[in-house]
Amino acid sequence: MPGIDSGDMGGSENKWGFNSKDNGWLTFDQVRIPRDQMLSRFMSVDREGGVSIDGDMRILYSTMLRTRVELVLGTKYLLLASILVATRYSVVRRQFKNISGVKEETQLIDY
């Protein structure tokens, strides 16, 4: 439709594992939408174009805050997995020339 643009905010390679979240954008340029057909669950627009918030700001903010807290708490599992991989790798990896004359190289974890 003329005056309406929409798009995706990145494919699955940019979402860092949060593929269940589908974010996009939508812009209107010189498009009139009847007020009774707007998605206005928490906000409304009056006849003069003024915007007012109908919902409780604490509830709206708590939803956003909860999502951010879940993201931060969820990263501990990713960090734990990466530390496990790094530790296992350092146990089996041999590197660094041994000064004491032994032919076998030193384990990375012993360095």
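User: Which side chains meet in a salt bridge with Asp 56 or Arg 58?

Analyst: Side chains of opposite charge can pair when their charged atoms come close. A salt bridge here is a side-chain nitrogen of Lys or Arg within 4 Å of a carboxyl oxygen of Asp or Glu. Asp 56 and Arg 58 meet this way, at 3.1 Å from N to O. This is a predicted model, where local features need pLDDT of at least 70 and side-chain atom pairs pLDDT 80 or more, while totals for chains, interfaces and linings use all residues. Residues are numbered from 1 along each chain as its sequence is written, and side-chain values use heavy atoms, leaving out hydrogens and water.

User: Are Asp 56 and Arg 58 buried or exposed?

Analyst: Buried means under 20% relative accessible area, exposed over 50%, partly exposed in between (1.4 Å probe, protein chains only). Asp 56 is partly exposed at 33%. Arg 58 is exposed at 65%.

User: How many salt bridges does a search of the whole structure find?

Analyst: Two. Glu 70 and Arg 66 form one of them, with their closest N and O atoms 3.1 Å apart. Both residues lie in helix 1 (residues 57–92), four residues apart, about one turn of the helix. Helices are DSSP runs of H or I, at least four residues, numbered from the N terminus. Glu 70 is partly exposed at 45%; Arg 66 is exposed at 58%.

User: Which residues does Ser 90 touch, beyond those up to four places away in sequence?

Analyst: Contact means heavy atoms within 4.5 Å. Ser 90 touches Gln 107, Leu 108 and Ile 109. Ser 90 sits in helix 1 and is buried, at 11%.

Methods: Helix = DSSP H or I, 4+ residues; strand = E, 2+ residues; numbered from the N terminus.
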